[in-house]
Amino acid sequence: MKPNEELLQVRGGTLLMRRAGSGPTVLFLHGANGILAWLPFFDRLSDRFDLRVPDHPSFGGSPTPPWLDDMADLAYFYLDLFDELKLDDIHIVGHSMGGWLAQEIAIRSQARIKSITLIASVGIRIKGDPVANLFVMTPEQIMHAVYADPKLIAAELARTLTPDEITLITANRTASARLAWSPRFFNPKLSKWLHRITVPVQIIWGAQDGVVSAAYAQEFRKFIPHASVTVFPDAGHAPFAERLDDTVKTVADFVMRNN
Amino acid sequence: MKVTMFHLMPYPRLSDEVIAAHDSYWVTMPNTYYDPKVGHVAYNQYLDQLELCDELGFDGVAVNEHHQTPYGMMPSPIVTASALARRTRNCKIAILGSAFCLREHPLTLAEEHAMIDNITGGRLITGFVRGVGAEYTVFGVNPVLSQERHYEAHDLVMQAWTRPGPFAFEGKHYHVEYVNVWPRPYQQPHPPIWCPSQGSNETIEWAAHPDRKYLYLQNFNPFSAALKYLNYYREIAQGRYGYAATSAQLGFGAPVYVADTDEQAMNEAREPIEFLFNKGFKMPGGMFFPPGYSSPSSLRQMAAAKSSIMAARKTVEQLAEQRVIIVGSPDTVIRQLRDCHRQLGFSNYVAMLQFGSMSHEMAVRNIRRFAKDVMPALQALGDKDYQGFEMPKVAAH
């Protein structure tokens, strides 16, 4: 199903919102790479939910709003967006940097949030186990970190990127560097505040994640003890690509259980 | 034309095996390969070379800043410039440059530059640079904010040098409650400012602004790139700012090697220069061009210019052909540099006379030969030898 796309103007920022399906509201917050394509994962979620997939301001080729300096700014922007759209009972699914964003939003206000799913999330740091330096790694190194399946890695590396894709990837790389260059993909203060998250939380990881190691799944539980953890073998940093059915089922069951 | 000897102070070469075993010559090349005894000798030989240039009548000597790499052993050009301050008598000392925006507190550099200017009685030239991309991986400074921080650090330093203190500087990246630098610079209102660059439209547009009119120095690029960028300076000055830029605002830099004959010069320069260009820039692309370091259009241009010197293995012949370097007999070198000046019109030539793995003996020979047989002809060049600038039909503005 092709999503409905709408450009929203919120607080001087332009935001592309993709929307598909009906049911409980699920908001997908994308990671550092942005949204390069409408994924099968989105199709499957939109079978059961009112799925919203925005480009964060400054991603997807949108201009950088003058107020955007860090993740806190982005978190407050989303709280404004929820107010503007009168969104309630939101089930947030945050991937990687989007998981970090979900946490930054929730520590500020959970009033409109019903549940949070963190997939291969960044945001905190285990000393000695840093998030991979995606800003310096070659495309080959990145693919090996992101995916577990050698066939998928080979296929991705064999694909020729169009000039538009390269432009988009470059823009998203710059947008994520603005927010996460240093400290790299974490907020040193976040773990002090994660106890404020009281809505249901589930954590999903790929056991072979080479970007953020699966040790982080347990680390997050230290700060959010009520979170449930699911780790898929044979999956890397994007379990919704390599374990599609399992990820859809895990997310959908959790959302239904907590709706 | 003024002639300045520029030094990178490279670590005397690492073996090919070591370099091949690591994916970068920058940032992550393990410092266990650094031998302090080798470093001690190299530092002193390099300083000897620069002091010799002062004795031989060079107009200036120049040092620069790079971090965590054998490519250049000057994480602080302040240290080398200070060492030169009392051991040279006549030449300018150019710091090309200091990466003010890499610092959390650029005022410390403003103080140090002012000290050197005072000690030397006004022989300092201050270069404002942002550092190459790899520096942002070293310091963790956000490359997306590099340009902003660069401009703001510049404003802070210039105000510290020219505005009566104490005053508060209230910027976005730098907030200083008490700006009141002792000493003030010896040169009034401030030392000459140079902007060495790999070729960036933003840097040129900024340097050419009527409030600044800073010298823009194009370094380490094929001559065709130098031609494009130096002409862009004149174009922007005239088209956007409405004044004619002079050669005093432009500089050209290139490694140079002189010997009796062209053939001998090529053969002698081959090993050290091919080492520099084929090994010295080895690093992941993402490290060289970190996200947001330049605007997308500048990044594309820089990448194109750099890819021509970084992509494939380069030979001394190719580098000389593109005039990334100037190599030959005294006659050839004079002819080529005269031609560069005829087309570009610059007031300062920055000559790198030691490069890559070149030994001290060879560097001294090159310096002496260049000073005796080439430099006087260059120092005699002036505006009369420049073909002049013609505004293109479709000009930048």
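**Exposure, salt bridges and the chain interface**

Q: What makes B:Arg365 partly exposed?
A: B:Arg365 has 46% relative accessibility. Buried means under 20% relative accessible area, exposed means over 50%, and partly exposed lies in between (1.4 Å probe, protein chains only). The value 46% falls in between, so B:Arg365 counts as partly exposed.

Q: What kind of model is this, and which pLDDT values apply?
A: This is a predicted model, in which local features need pLDDT of at least 70 and side-chain atom pairs count only at pLDDT 80 or more, while totals for chains, interfaces and linings use all residues. Residues are numbered from 1 along each chain as its sequence is written, chains are lettered from A and ligands numbered from 1 in the order in which they are written, and side-chain values use heavy atoms, leaving out hydrogens and water.

Q: Why is the pair B:Arg365 and B:Glu268 called a salt bridge?
A: The rule asks for a side-chain nitrogen of Lys or Arg within 4 Å of a carboxyl oxygen of Asp or Glu. The closest N and O atoms here are 3.6 Å apart, so the pair qualifies. The pair links distant parts of the chain, 97 residues apart: B:Arg365 sits in helix H14 (residues 360–373) of chain B, B:Glu268 in helix H9 (residues 262–279) of chain B. B:Glu268 is partly exposed at 23% relative accessible area. A helix is a DSSP run (H or I, at least four residues), numbered from the N terminus. Side chains of opposite charge can pair when their charged atoms come close.

Q: How do you know that A:Glu219 and A:Lys222 are about one helical turn apart?
A: Both lie in helix H8 (residues 215–223) of chain A, three residues apart, so about one helical turn separates them. A:Glu219 is buried at 14% relative accessibility. A:Lys222 is exposed at 58%.

Q: What makes B:Thr203 count as buried or exposed?
A: Its relative accessible area is 9%, under the limit for buried, so B:Thr203 is buried. The residue lies in helix H7 (residues 201–207) of chain B. Leaving aside neighbours within four places in sequence, B:Thr203 is in contact (heavy atoms within 4.5 Å) with B:Cys195, B:Ser197 and B:Tyr216.

Q: How do you know that chain B and chain A are in contact?
A: 17 residues of chain B are in contact with eleven residues of chain A. The buried area is about 1,100 Å², with carbon and sulfur atoms giving 60%. That term is the accessible area (1.4 Å probe) that two parts lose on being put together, summed over both. B:Asn142, B:Val144 and B:Pro291 supply 39% of the area that chain B buries against chain A, more than any other three residues.

Q: What makes A:Asp69 and B:Lys172 a salt bridge?
A: Their side chains meet at 3.2 Å, N to O, so the distance is inside the cut-off. The count between chain B and chain A is one salt bridge. Over all chains, the count comes to 34.

How values were computed: Helix = DSSP H or I, 4+ residues; strand = E, 2+ residues; numbered from the N terminus.
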